[in-house]
Amino acid sequence: MTRTRTTVPDTMPAAVLVGFGGPVSLELRQVPVPAPGPGEVLVEVSAAAVNNTDIWTRKGAYGLPGHPDALAGWRGPVDFPRIQGGDIAGRVAAVGHGTDDALLGARVLVDSALYDGDGPDANPVGLLGSEADGGFASYVVARADRVHRMDGSPLSDEELACLPIAYGTAMGMLERGHLRADETVLITGASGGVGLAAVQLAAARGARVVAVTSPEKEDLVREAGAAEVVHRDRDPARTAGAAARVAPDGLDAVVDVVGGPLLTRLLEHVRDGGRWVIAGAVGGASTELDLRRLYLHNISLIGSSMHTPTHFARLAEDAAAGRVRPRIAARYDLAAIHEAQEAFARSADVGKFVLTPPCGHDARPATTTTVTS
């Protein structure tokens, strides 16, 4: 038995990935509206956002162990066709068997991670839009315990949709790196989605943020909360030298979404007992590392992929209280998904690219009916 808040249509528009490749691999189609199963909800999507995971999944750019150039999704094979989109906000339109009716009509932020267990510290092993259908559509199914109520949040639905992947990943990095107030943290790629989120979240918890970005984006990164800005240089040694000058007492932590040779150059400027958390490799997936610089100084090198349920719950609390405010760079209709992804990939703008409205159908007044599925 499925209980609904509104009359749900039989079909919906969706951006469907049909295989690895270029933009033509992402097709706009009319597809059946999914039905929530036991313990699940059907969310009517009010806003969705574009992120790197969508583009890397479309390209098959994640590689495989021992085969870094192999076409693969985040966790390996992708079951095509797949509706993309992991950044989702909306309202609960229907609930499945065993799900609390009180969720009907609730304004929610969707935790798009698929976990390896039900505990608070479970690890993500999949993602809506990659290992399950996502939110580039009118409706998406999610587990009831993975939607967080946002009824009183001062953030708009568009702003909420910016949070799950970029801010969830950033929150996971800060939490796994045990970043505390009054510590100094260097954040690479600070004008990108995850980097800018990390700047905001780190500053909100009272850390001193040293951000690495390009000169033309410095003002926006400072506006997000950076206390100091280091201009990115093609020579990693020059970037590392500039970072050392603004943090002469050493870095307590590094939040790195770039990877590449900067790790080798900058590691000597991390204090004894410091932490380096990495969640990206856009600057290069391989680098040489003198392991003595790690163990002789008790530095922790931490890999971080997305977030745990506990991390996301903390993010949801920040969103409900309005302690974060994502920057929106541009808005697109779902029909312009290719243009949105291409603009996002150019990295010319600071902030998130939002698909609004992605639903492609008229809003309806709230009514409650019962239908059998």
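This is a predicted model: local features need pLDDT of at least 70, side-chain atom pairs count only at pLDDT 80 or more; totals for chains, interfaces and linings use all residues.
In which loop is the place of Met306? Met306 sits in the loop between β17 and α9. Most residues other than glycine have a negative phi. Met306 has a relative accessible area of 7%, which is under the 20% cut-off, so Met306 counts as buried.

Now compare Asn298. Asn298 is in the loop between α8 (292–295) and β17 (300–303). Asn298 also has a positive phi, about 55°, and is not a glycine. Is Asn298 buried or exposed? Its relative accessibility is 59%, and the cut-off for exposed is over 50%, so Asn298 is exposed.

Pro81 brings in another backbone feature. Pro81 lies in the loop between α1 (52–59) and β5 (82–83). A cis peptide bond joins Phe80 to Pro81, with omega at about -5°. Most peptide bonds are trans.

Next, follow helix α3. It runs over residues 163–176 and has 14 residues. At 1.5 Å a residue, α3 should span 20 Å; its end C-alpha atoms lie 18 Å apart, which agrees. How many of the residues of α3 are buried? The count is 13 of 14, so the helix is mostly covered, with "buried" meaning under 20% relative accessible area. Just after α3, His178 takes a positive phi of about 50°.

What does α3 pack against? One partner is α9. The axes of the two helices come within 9 Å and cross at roughly 115°. The crossing is right-handed. On the α3 side, the contact includes Leu163, Pro164, Tyr167 and Met171. On the α9 side, it includes His311, Phe312, Leu315 and Ala319.

Look closely at Leu315 of α9. Leu315 is buried, at 0% relative accessibility. Beyond its neighbours within four places in sequence, Leu315 is in contact with Leu163, Tyr167, Gly168, Met171 and Leu201. Pro164 is 151 residues away from Leu315 along the chain, yet their C-alpha atoms are separated by 8.6 Å.

Step back to the largest nonpolar core. It holds 45 residues, and Leu163, Val185 and Ile187 touch the most other members. Elements that give two or more residues include α3, β12 (184–187), α4 (193–204) and α9 (309–321). Which element gives the most to this core? It is α3, with 7 residues. Ile187 has contacts beyond its near sequence neighbours, among them Gly195, Ala198, Val209, Val212 and Val255. There is also a second, separate core of 33 residues, which includes Val41, Val92, Leu334 and Ala340.

Trp276 is another buried residue, with a relative accessible area of 0%. Trp276 lies in strand β16 (residues 270–278). Arg176 is 100 residues from Trp276 in sequence, but 9.9 Å from it in space, C-alpha to C-alpha.

The chain averages a pLDDT of 90, and 95% of the residues score at least 70. Over residues 358–373 the pLDDT is below 50. Beyond near neighbours in sequence, that stretch has 38 contacts in the model.

Key:
Residues are numbered from 1 along each chain as its sequence is written. Side-chain values use heavy atoms; hydrogens and water are left out. Helices (H or I, at least four residues) and strands (E, at least two) are DSSP runs, numbered from the N terminus. The expected span of a helix is 1.5 Å times one less than its number of residues. Buried means under 20% relative accessible area, exposed over 50%, partly exposed in between (1.4 Å probe, protein chains only). pLDDT is the predictor's confidence in each residue, from 0 to 100. Contact means heavy atoms within 4.5 Å. A nonpolar core is a set of buried Ala, Val, Leu, Ile, Met, Phe, Trp, Tyr and Cys residues joined through side-chain atoms within 4.5 Å. Axes are lines fitted to C-alpha atoms, for helices over the stretch in contact, and angles run from 0 to 180 degrees between N-to-C directions. A crossing is left-handed if the near helix is turned anticlockwise from the far one by less than a right angle, and right-handed if clockwise.
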